[in-house]
Amino acid sequence: MDVKRWLSRREGDWQELKNLLARLEQQGLASLSAAEIRRLASLYRIVSGDLARARTFGLSPVLIQDLQNLTSRSYSQIYQGSRRQEWQAIGRFYRWGLPQVLRATWPYWATAAAIFALGGLLGWWYGWQDSGFQALLLPQPLINQVRERGELWTGSILGSEPWAASNIMVNNLTVAFQAVAGGITGGLLTIYFLFFNGLLLGVVGSLVGEHGLAYPFWAFVAPHGALELPAICWAGGAGLLIGRALLFPGRWGRGTALQIYGAQAARLVYGVVPLLVIAGVIEGFFSPSEVIPPGVKYWVGLALLANLVWYGLWEPPASLLASSELRQWSEESVQ
């Protein structure tokens, strides 16, 4: 390769890219015309190729560094806009989209909540009637701690809050994803996971109630349970949506139904994950605290649940819905 001739041909493009980048970095995107923006993207690809050639032929390290700097600056300017748009889209989803998805899919997660509640009621009833039933589902050391010492096991979290919080998050997310993945069995495993976890909670409720520990136990559950239990039901609703698509695809056919209901299920999962992370932090640091009175924990749980309900009913102002961009996005979020 004739290096001098190649340099003389390429230097004009490099200088043009430097000038465009200088304007863009100093004055912003509005300083460039549409043609200049397209030219910037084209020059970025050209200079990236020039950088590869310079490295291949072992040209001057100063030249390679200069081209590397140009490509890095170009990449940052070209792609930071898309990243900003991605973050804006995420913000719009959690502000407006998730409440709309919750309203559009309420029959599914409400059914999941009913299955969970049924398991809880049956667990409490049979656990209250027969202490042997408690031993079938709960570990014996836990039962002995409540029966013989009259203590809850929640104090074991104290002193290891960060470790406990991370483990709680992992466990809750595992349960949630099991409920979602259960949809591929036509929703049968989803129903099982919901019912069984409700059953466990009901049996624990009968055990602590039988030994006079119901008030402190439910005070422990209230703060994080106000977020955790709805999140598990949303995950169950996502699993039931997938099961619906497999078993009752309707007029669309199974493939199209999976795309439609699967998209709704995915949006529910987007809401489940941050909720369970927050619930895990609360359960690790706030719920087991012996400094905070039980009454305060009940009020915190009630406040969190009330805000979650309010969030689910949240709708964009009419002025925003009037904009074509938001209207198009809103329609896409519930398809």
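**View 1. Phe93 is a buried residue.** Its relative accessible area is 10% (buried means under 20%, exposed over 50%, partly exposed in between, with a 1.4 Å probe and protein chains only). Tyr94 has a relative accessible area of 32%, so Tyr94 is partly exposed. This is a predicted model, in which local features need pLDDT of at least 70, side-chain atom pairs count only at pLDDT 80 or more, and totals for chains, interfaces and linings use all residues. Residues are numbered from 1 along each chain as its sequence is written, and side-chain values use heavy atoms, with hydrogens and water left out.

**View 2. Phe93 and Tyr94 belong to an aromatic cluster with Tyr270.** The whole structure holds 10 aromatic pairs. Rings of Phe, Tyr and Trp (its six-membered ring) pair if their centres lie within 6.5 Å; planes under 30 degrees apart are stacked, over 60 edge-to-face, and the rest tilted. Phe93 and Tyr94 make an edge-to-face pair. Their centres are 5.1 Å apart, with 75° between the planes.

**View 3. Tyr215 and Tyr298 form a tilted aromatic pair.** Tyr215 sits in helix α9 (residues 214–247) and Tyr298 in helix α11 (residues 294–312), so the pair ties together parts 83 residues apart in sequence. Helices are DSSP runs (H or I, at least four residues), numbered from the N terminus. Tyr298 is partly exposed, at 27% relative accessibility.

View 4. Helix α1 covers residues 3–27 and helix α2 residues 34–56. Their axes come within 10 Å and cross at roughly 135°. Axes are lines fitted to C-alpha atoms, for helices over the stretch in contact, and angles run from 0 to 180 degrees between N-to-C directions.

**View 5. Residues of α1 meet residues of α2.** Contact means heavy atoms within 4.5 Å. On the α1 side, the residues include Trp6, Arg10, Asp13, Trp14 and Leu17. Among those on the α2 side are Glu36, Arg39, Leu40, Leu43 and Arg53. The contact has 10 nonpolar, no polar and eight charged residues. Ala, Val, Leu, Ile, Met, Phe, Trp, Tyr, Cys and Pro count as nonpolar, Asp, Glu, Lys and Arg as charged, and the others, Gly among them, as polar.

**View 6. Asn172 is a buried residue of helix α7.** This helix spans residues 161–181. Asn172 has 6% relative accessibility. Leaving aside residues up to four places away in sequence, Asn172 touches Glu228, Ile232, Leu276 and Glu283.

How values were computed:
Helices (H or I, at least four residues) and strands (E, at least two) are DSSP runs, numbered from the N terminus.
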